[in-house]
Structure formats: structure tokens, C-alpha cells
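Please examine the sequence and the structure shown below. The paragraphs that follow lead from one chain to the interface and then to single residues.

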Amino acid sequence: MIHSLFLINHSGDIFLEKHWKSVISRSVCDYFFEAKEKAVDPENVPPVLQTPHHYLITVYRGKLFFLSVIQTEVPPLFVIEFLHRVADTFQDYFGECSEGVIKDNVVTVYELLEEMLDNGFPLATESNVLKEMIRPPTILRSVVNTLTGGSNVGDMLPTGQLSNIPWRRAGVKYTNNEAYFDVIEEIDAILDKSGTTVFAEIQGAIEACVRLSGMPDLTLSFMNPRLLDDVSFHPCVRFKRWESERVLSFIPPDGNFTLMTYHVSSQNLVAIPVYVKQNISFFETGSCGRLEITIGPKQTMGKTVEGLMVTIHMPKAVLSVNLTATQGNYTYDLATKVLVWDIGKLNPQKLPNLRGSLSMPSGVPKPEENPSLNIDLKIQQLAISGVKVSRLDMYGEKYKPFKGVKYVTKAGKFQVRT
Amino acid sequence: MQEWANQLCENRQFGSKMTDSKYFTTTKKGEIFELKAELNSDKKEKKKEAVKKVIASMTVGKDVSALFPDVVNCMQTDNLELKKLVYLYLMNYAKSQPDMAIMAVNTFVKDCEDPNPLIRALAVRTMGCIRVDKITEYLCEPLRKCLKDEDPYVRKTAAVCVAKLHDINAQLVEDQGFLDTLKDLISDSNPMVVANAVAALSEIAESHPNSNLLDLNPQTINKLLTALNECTEWGQIFILDCLANYTPRDDRESQSICERVTPRLSHANSAVVLSAVKVLMKFMEMLPKDLDYYGTLLKKLAPPLVTLLSAEPELQYVALRNINLIVQRRPEILKHEMKVFFVKYNDPIYVKLEKLDIMIRLASQANIAQVLAELKEYATEVDVDFVRKAVRAIGRCAIKVEQSAERCVSTLLDLIQTKVNYVVQEAIVVIKDIFRKYPNKYESVIATLCENLDSLDEPEARAAMIWIVGEYAERIDNADELLESFLEGFHDESTQVQLQLLTAIVKLFLKKPTETQELVQQVLSLATQDSDNPDLRDRGYIYWRLLSTDPVAAKEVVLAEKPLISEETDLIEPTLLEELICHIGTLASVYHKPPSAFVEGSRGVQHKRLPGSAGSGESVESPDAGSAAGVSDAPPAVIPSQGDLLGDLLNLDLTPPSATGPPPAATSGMQMGAMDLLGGGLDSLMGDESEPPPIPLRTDTPQSPQLPHQSPSPPDYSPTELGGDLGGSPAMGAGFGAPPAAMPASFNAPVSSGGLDDLFDLGGGVGMPMGAYSPPKAIWLPAMKAKGLEILGTFARRAGVIQMEMTLTNKAMSVMTDFAIQFNKNSFGLTPAGPLQVLTPLSPNQSIEVALPLNTVGPVMKMDPLNNLQVAVKNNIDVFYFSCQYPISMLFVEDGKMERQVFLATWKDIPNDNETQFQIKDCHLSSDAASNKLQGSSIFTIAKRTVDGQDMLYQSIKLTNGIWVLAELRVQAGNPNYTVSLKCRAPEVSQCVFQSYEAVLKN
């Protein structure tokens, strides 16, 4: 099981360690530093490392490395999932997951880690349960605590941990009962030079925010459930009902949670909302190049494309750019060689265009690689796969809740090759 | 009012500064003293703040253990947070202050009785984390109570505590019966308790590989499956991993488990998904292929695997490593999902490389166009490593999918046109492989390749290019000029290039002898006179000799037709793959190595095998077959597994395998032996080969055997391939130097060392009736542990010669050559009488029978057990170690019959303390038959006496080292149990001798 955890910042300082069994010297991290050195980019450090006596499993989140040490055969996915859960919990508790925030709340962090793992076995990882035991810090609470001598630790037995619905705490009470569901779809796509789709798929998620009193039992049904053939559910969803009736039946956790994620695979036709015409070329001689990009709407289902943004990792040789944008602004970061063109709303009448020249130091050979374009966009009130919620019913409680469903489509890893 | 507002304001300021980061800044001197004062303060709030500061210092690795008594004093409090903080501190420092930690015990014991289950659980949990022996003793009683607590929260915490305690003191846990209590918890009514009990048992079982802790039967399986639906995600992982160890009785049970596990594929936690995939992949093996359900299941497996690839990159990496295995075992699952493995430019490099590998595994005629287009795209990426891999991948596609070869070649040519240096070099290396696979097909591209000669600066690419020029010298007009240009800087080239250049020029000479005389002389003199590299020198001499004595033979050797390279060279061996499939989701699956090979503390891990598949009609027999395979697969219990042996050999601190504690002298001897086997031993293994006759050269042709005698052979000679090994891709290496399939019949004159003659002589003796008992062959070295080399063996004594008879089987994908053997020092000085005679290279899936004559003049060292023999076998791949035990009857000499009087006198002379008595059960031979049988193994009956219907046989045995063993065998008519009393001056041998009695009489 998980033996120890080290938190390491970007520059390679270990700023927190926690051991669930015997103490392991932090020198074990030297193997990791070696790998980090070799990988150059922090993203490229291999997640599983073997050392003479231990295994190091690392995740990279928010510019921090969560490095766990294990000694026996443990499923690595279990460790990685758990580490991400730790990061999620920090995010949930402190609003962000960064070195500063962790140092600011080190005692809470320590208490959380102790509560989440016992002897390397996960103990309580549901945020509802954790929050019952260790209250998240707020300025107000710390004021109250200093006045009254109270503490952040609840002295209640976390009720949820024992029931068959560990994700929900008992005795929830709200004056306004409301349930909101956001259907969020991300398009992952690779388009080639000519604009043909090489690969496209949709990653969907239903994010819920449920604030209902008591023990509500909800049923969410879809207009076209047949679209959803590859799904992952929150543990609260009754799988049998889904198998037989294609409805989501569940007792929700309290607060925010991901009800389900789904995946509309590349075999189905995935609509591509925009097209990109681009031409990036470097001249053999003269140490310069040209760039021209135009974006236009393709399959938008009559909705407006917003938040349009293009990011390009330029070849190292590109010293500066001299471009004009018909819409939006562009920035070029000289250090990272990243060109960002923030366009905003896409106007189908007047297509945004960015053109101009790229300059390189003279005498440098023409760059060998072709930069890829990363596209960001957002379409409100549209689930591009066509998934639609038809109704939400509540059983088990008497009150009438306020219900709402929102749709949004975003670009996930949307890349255009040049 | 104003005052109140001010105060609030102050507090607010205080509050905003209240973050814990201030704990990090206290670095001034006297910090500890300050904290000490605060900890002993009367004010609760101040105390708590102080403990927080202590904890913060602890988390960043500062040593605050000096505050131990002061912190422990804060423990008795009603404030839960303070209590928890003190517990945190205790867990960290109790080990360094055991005497102080005792002070805390009372509070723990009291807390275990608290009415609040949270406190009870917290107390038992914390106590388990304090790794101090004195405290663990106090833990037993509270733990026993907590395991039976009415509250499931306490029970589930207690279950984990058993695992903690086991980690600290395993014996205590067993003595206290906690394991049984834990097993009972598997039937608990609460699913979380079940899950934790399973997790705890699995962890304990890992350090006790042979204990039957998780005894799975249909009832427990049913309970686990029920708990699976209701427990937490982590619990599901433990339960699924536990289920994967079960072998269902028949295909129906297998199907019903699969049905109940399938919903887990839709879980949001990827570890749950992968563990479920493992269970399904394993149990699917038992389902008949024509079952509808089988097809349904196959279809259900694809989507969750694809979904794993949209997770975080670290998860993707582990998923991809596992998918790599799944694709090799069942390519049909993902054959339509090629596109999800397409690489995104911002994937981390470790994900990119794995995706690339899987793309090639999935490449087929149907999707090759897409794959090639992608690979070409990747070849223009930024990351050099990735680009190289992509170019290599194009070559692999060409070799794998024949129809695509032409396209691949033209893609590679396009890439060469880019003139990007490393792309060109990589492309040339793979084109060479394509030439090997499809000879005489794409030679038209050679001209294009030659244009890039000057830009090649990597040895592998240069060697590949030279190979191409040499191989196709007759079609390249200026081949001699090209090769000559390389020759200019001959001494600056790497060995790989030098060897290749030598071979290429010889090839050229054989093809165009008239124009290239000068060139070949130049290279031969460079290689033999100016080089100090023995490989190069030897190859040079051999060519020289060949060319000068028999050019025809030289042509046959050097220009021999090469076998085609095989399609896939990087597939995992089937046996290993099967085992890895059983370990999906584990570290083993990430490293593609069997768990026994690398996980510390998992000695003697049982090898897992997939259950046998069932045809639709024979479902009842199949599980038996499966389990039988499992049994026979396990290494014989007496022989330490290779891991252990290696451990013993390498780790000098390790005690010898027996638990009886042998005298220290023996231990040190053992260590000496270990050193010897690894150090000097290896040298002499190599040295053996330098003795000329018995090592046949790999490329021998009928004309060539006289060569090795005349060619100078320096002491550090190591065999190389005459045909010119490029050493590039494994495929090349494997097929290139392959010799003629059969050895020529005339091959006998030069190989006249005693060993072989003996072998032939003995061949006649095998059928002789008087052969001593020889046990059946057992697996000494499983293929899994020896990179595909399997050794079955036994010992026999034939016509007075001790022989080690072995069957060597090559279960790997490549040819094995250069076998040699060596023994560690052993009790009777057994040592090979000659070298190991494996004359022909062993090709994949081929077996060979070898008999190795032994003598007993080697160095002696007492082994434990006495008849243990540690062996090192070397081949071209590696050196492997194993140990085996020989029946001591091999050492019974034929002149072991004592004179009667001498027998009597000796019997009396040997003190009675040296007499040992054994029972041989269930033997139905008459005394005469027994006597005859024993005589066959050189156990001689000297006299027979009959008293009260009981036959007493007096027998004598002489061992090779001159030790006499006297025996009295009592046989009572009608009683199948014999009694044998052994007397010997060296009573240690008695046990072994008795084993031989038993073996001889019962076979």
C-alpha cells in the first residue's frame, strides 16, 4: 500500500512529507530528481519509477509533484487515482492546489492526509465525509475559533461512512431546495493540414450541484439515451436501472459532484464547429516566414462560437512576430515561443484573420518541425453530441425543488496540424 | 461598542495572519525552548497553537523529537483536534522515544473503551501506527475487542490494524489468532468491513506467499461479489484483485462471475475499471468461444479501455502499458480503435512512445494507410527521440504488413528527402531491415540512399549503409569507391562500423575480385595488424585464412543466403504474457516483467497462469487441466527459486536457505563459493571456450572445420558472427548468423576431446540392464527465469560414470548458442568432466538432449542440503543460475562390497550415536527382490539373516569420496513397512542415503 507521500515544488524542494508506515528518508526522492533532470519538462517525468528498494509513483498537478513511495506490489492506477484525489481535495478545501496554499494550511493538510489514508489504505476520500470531520478553513471560522477556542475538527462520527450511501451525509437541510445539472462536452480532435478530421471524439460530463434537504431520490432521463454507450458513473448511480431503462436513478451527494462522464467515440460522426485555414511557411533563405490564419464557422447548429482562442508553439528559431489581427489581440511570449491569439466571439459575417511575418536570426536553417495549432472555443446552450435531458423527477421528499439544466460545448484537445 | 469593534478588527487581522505558513518561518534560535514553554502553558488555546507549530515543523522534516514528553502531556484532553494532533506527533516519534511512548499507552487503552466509536476507532488506529514493541503488546486486547465491536466503523478500522500489527510483529498476530478473526470478517454484514478485511488479508498474504489466507471457495466468492456492489471504490479494487486469484470450477461459474463484475467497467475510478478488466480477461479464458456471451463480453471491454485514454496522462500511461498486453493477447478487442492511439502534440513523451508501440501492434492491412499517414506526421515533430521512434515504426510496419511495404519504403524516401539528419539516419537503418525482409525488391532506392552517405555520423546508420553497399555491391557501380571512402578513417570508427566495413569489403571482393584486390588487402591488414580489438582481429584472420586457402568456401560462408528476418521481434513470450495478463493493473504489468523478477519481499510468488479454455463440450475437465498446469508449473519445493538463489549468491548478509542455523564456518564457505561462482567462475566459463576443439563456429560449412585450429585464438576470444552481424535490430541479430541447419556428417575429426567420445560410448550403454536408478527429469530452470531457456534434468550413473542428463529447450524467439556450464563448489566435489556439448545452435522451439559426464575431483564445500548443487549455465543471451539436488546413489561406487569380517568389525567400531533409523513405508517387494534392486544401484547385500519371519539384510555402500555406509534392512513378510538402520562415520550422509533407498525401492 501507499507508504509515504512527498510534495515537491517546481524547483525541486520537498516541502511536505507524510509517512503512513515507518519513516522513509527523503533521500529516496533523489531518484525522482534524477529522472526530472533527464526529462527536462516537468510534464515528461515518467509517472512510475523503479528504485532499488521502492517504487515512486508521481502525478504532476498545479506545478506540484505528488510523489508517493510504495514498497510492495500495489496497483499503480490505485495510487495515481488516489494522488489525484488528494489534489482534488486540496482544491476543494482551499480553492486552489498550490505550494503557497498548502503551506498556509499545513496542519489541515496533515489532518486531511491522516484521515484519507490509514496504513496506506484509503479511509475517507469522499469530500462530504471529510468535510464533516475536518471543516474547511474560512476566514470567518478562524475568527470564530479564536474567539471561542473552537476547532476545525468535527467531533461527530462521520455518519456517511457507515451507511450504504457513504457519499451523502444525513440531516441535510436547505431553505431553498435546488438541483442544477451542467452538461459539458469537450471536443477532442485532430485536423490535418487540409482540414480533414483525422480523429475526433467527444468527452462529456454531467456536473451536478444539488442542494436538497433530506434524502431525495432523483431520476434523470434523456431524450436520446442511445447516444451514450460508453459511460462512467458516480458510485451513487444505480447501474441496473441504467442497464434496463437507460435512466439515471440516484440519491445524490450533497453539493457539487460529477454525476457521470461519457464518451462519444470517433466512430460516430463528431461535428466540428469551426474550420481553420492556415498557412505557416518558412523561406529557405532570408531568415523569415509567413503566417496566415483564418477561422470560420462549420457545424455550429446555429449557435454562436465564443471564447475563441488559438495557441501555437512556434519553432525555437522564431525570434519575433509581426502580425495584424482583424479581430482580437495576439501575444507572443519570447521565452516559451508561444503565440496566443485571443479572438473572442466568432462573427460569421466577418471572419477573423491573423497574418504577417515571422522573423528568425539570419543564418539559422529553416525549422524542421511544423507547429500545431491548439484551438479553444465555447458554445453555450449546445451539447454538440445532441444529448438532451428530458426530465428530472424526485421521489422520497415532499418539497418541490427548483431544477435547471445547462449545456455547454468546449474545445478539449482540439489540434490543427500544419 | 467601540472597544468591541476594535477587538474584532484586531482579531480579524489576527485571523488573516492566522495561516499556518507562519510556522515555517520560525527559524530563530531557541525555538524549541519557546515551544516547550508554550506547550506547558495553562491556556488551552496556546497549547493547541504550540502543538500545531510542532506538527508543522515535523512535516517539513525538522527534528522536534526533543519535545516528546511535553507533547504527550497534552494528550489527555477532551479537545478532539488537539488529541488528533498529538496522535499525529506520537506516530512520528514514538519509535525514537520508546520509553516515553509507554506513557501514552494508558490513554490509548482508555480511549478504546470510549462510548464514542470515532474515538475508539481513532485510538486503535493510532496505536497500530506506533511501531514500538512494548506498545504492541498492550494493543492486543483492545484490538481483539475492536474486531468484534458493535460498530462497523470500529471493526473496519480494526481490520486494517491487524495488517499494521502483522507488519510489526507477524508472529504475535498469528499467536493471538487475529488472522482467523480477520478471515471471519470476510463474512461481515457490512461491505466496508469486508473490503478492509480483504485488503488487510491480501497485504498479509503477500509476505506469506504459501499461506492459504485467502481461501477462496464459491461461498466466499459470493460474499465478495455482494460486497463489491456496495463498498467504496477503493474496496472494490481490493475485492476485484482478490477475485482475480480465484479459479472458477467451470465455465458457468466463470460466466456468472463475469456478469457480476461487468458493471464495474462503468466506474469513474480507473483503477476499479482496470482491476475489473483483469478479472474479465482471466475468466474469459474459461468461456467457450462459441458462446454468445463471449462475444458480448469482448465488445464490452473496448469502451472502458478507450475511456481510460481520456484521463490524466499518468493514468493514461499505466493504461497504455496494460493495453499493450491486452492487444497482444486479444487483438480483436481494440482492432477498430486505432484512432484513439493517435498522438497529440502535447502528450507527454512517455504517453507518445507507448501509443506509438500500440499503433504498430494494431497495424493491419485494413488500417495501414491511416497509420502511415500518422507516422509520417510524427516524423516532423520536435522531440528527436519520438521522431526516431516514429521512423523506426514505419520500418516495423513494412515488415509486419507485407502489402504496405512499398508504401512504407516510399514514405521513408520522402523522409530522407527532408534531409533532416537524424531522420535520414534512422530511415537508413530501417531500410536495411526492409531489405532483409524483402530481398531483391526495393534495391532501386539504393541510389537515393547513397546520396546521403556523407551526412551519416551515427555508427548504427553508418554500419547499416555499409551493409547495404556490401550486400548489393554488384549493383552499385562505385561500391569500391564508397567503401574506400569509409576506410580512410578506419581507426576512428566504432567497432560496429569496423566489423561491418571488413565484412562488406570481403563481400565486395568475392563479387568483384579483379578490381578490389588492393582494397581487401588494405582492410585485412588494418583489421589484423593495426587493430587491438580482438573481435575485429579474429574476424580479419578468419577471412584472410578463408580467402587464402579456399575462396570457394569463403564465398559459401560470406555470401551464404541469409534467412529472412521474422515479423515481430518484440512480442512478449507467450508464457510471460499469460502471467502478465493475470497481473493486469499491477507494477508487473507496467514493467512487463513477472512479479517474482523485481518486487522486493515477494519471494516465492506463485506464478499465475490463465485458466485453461473450455470447449463447449468439455467444460468439466478443463478446470482440472488448468489447475494441473498450475501445479506442475510451480517449482519443486526443495529447490529454491532462482530469485532466492541469486539472492543467496549476491547478498552476502543473507543467511543460507535452511532455517536450522548451520555453523558459521559453513556460512562463510558458502559466501566464498558465491563469490567464486560469480567472479572467477564467469571468467573460466569464458575461458572454457578458448580451448579450441569443442566450440564449433556458428557459420561452419563442411569445408571449414579445420580453420579454428590454425587461426590464432587469443585468450579473450569471444565468438562473433562471420557473416557480419549488424547488431542493429534484434531481428537482424537473430537471423543473420544462423548457420546451416544440420551439422555436416563428416564433422567428427577435429572434435575429439574425451567428452564427446565418452558421449558416444555411453550412448550404447544407455540401454544396458544394470543401469542404476535415475529419477525422472524435473524442471530445473523454468523458461520464464532464463529468458526463454528451459532446462529439464536428472542425474544418472551409467557404467560407472556420473552423468547429468538435461533437455534444453529454447522457448524464446531467437536462436541460442554458445552454451557452457559450471558448478559451484559442492559437498562431493562434483564437477563437469568436459564442456557442455551443444553443437548446433538451438533454434526457437527446438529441444536438445545433452548428457554431461561428471567427475568428483572438483573443490569440496559442504552444502545444505548435502546433495545440493548450484549450477550456472551460460548461453549467448545471459548467464543463468539454478540449483538442483542429485540423488546420492549417483555416488555409490561399484566396488562397494565389503568383506563380511570387515563389515562386522566396522559395524562394531562405529559408535552407536552414529546410527540412524528410518522407516520405508508401503514397499511391497520381497527381501530378495529388494536386495537385487538395491544391487543395481551399488548397494550390496553382504549377509542375510532371518529371525522370527523377519529378514535382516546387511548391506554396504561406498561413496566416491571413500566414505562407507553400513546398513541393516529389516523386512517382515506381509508388512509393507521396512526399517533401515544406517551407520556411518559421517552421519550427515545418512539422510541422503535413506532417500536413495526409498527412491530405489519404490521405482
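Among contacts in chain A between residues at least 6 apart in sequence, what percentage join residues at least 24 apart? The share is 68%, where a contact means heavy atoms within 4.5 Å. This is a predicted model, in which local features need pLDDT of at least 70, side-chain atom pairs count only at pLDDT 80 or more, and totals for chains, interfaces and linings use all residues. Residues are numbered from 1 along each chain as its sequence is written, chains are lettered from A and ligands numbered from 1 in the order in which they are written, and side-chain values use heavy atoms, with hydrogens and water left out.

Chain A contains seven helices and 23 strands; helices (H or I, at least four residues) and strands (E, at least two) are DSSP runs, numbered from the N terminus. Of the 418 residues in chain A, 57% are buried. Buried means under 20% relative accessible area, exposed means over 50%, and partly exposed lies in between (1.4 Å probe, protein chains only).

Consider next the nonpolar cores, each a set of buried Ala, Val, Leu, Ile, Met, Phe, Trp, Tyr and Cys residues joined through side-chain atoms within 4.5 Å. The largest has 282 residues, and Phe66(A) and Phe90(A) touch the most other members. Leaving aside residues up to four places away in sequence, the residues that Phe90(A) touches include Leu7(A), Phe66(A) and Ile102(A). A second, separate core of 74 residues includes Phe222(A) and Val416(A).

The two chains meet where 101 residues of chain A are in contact with 108 residues of chain B. About 9,000 Å² is buried between chain A and chain B, and carbon and sulfur atoms give 58% of this area. Buried area is the accessible area (1.4 Å probe) that two parts lose on being put together, summed over both.

Side chains of opposite charge can pair when their charged atoms come close. A salt bridge is a side-chain nitrogen of Lys or Arg within 4 Å of a carboxyl oxygen of Asp or Glu. By this rule there are 54 salt bridges over all chains, and eight are found across the interface of chain A and chain B. One of them joins Arg85(A) to Glu233(B), at 2.7 Å from N to O. Another salt bridge pairs Asp118(A) with Arg125(B), whose closest N and O atoms are 3.9 Å apart. Because Asp118(A) lies in strand E6 of chain A and Arg125(B) in helix H8 of chain B, this pair joins two chains. Asp118(A) is buried at 1% relative accessibility, and Arg125(B) is buried at 4%.

Within chain B, Arg330(B) forms a salt bridge with Glu285(B), the closest N and O atoms being 3.0 Å apart. Arg330(B) lies in the loop between helix H19 and helix H20, and Glu285(B) in the loop between helix H17 and helix H18, so the pair ties together parts that are 45 residues apart in sequence. Both Arg330(B) and Glu285(B) are buried.

Finally, Ile186(B) lies in the loop between helix H12 and helix H13 of chain B. Ile186(B) counts as buried because its relative accessible area is 9%. Although Ile186(B) and Lys223(B) are 37 residues apart along the chain, their C-alpha atoms are separated by 7.5 Å. Not counting residues up to four places away in sequence, Ile186(B) touches Lys223(B) and Leu224(B), among others.
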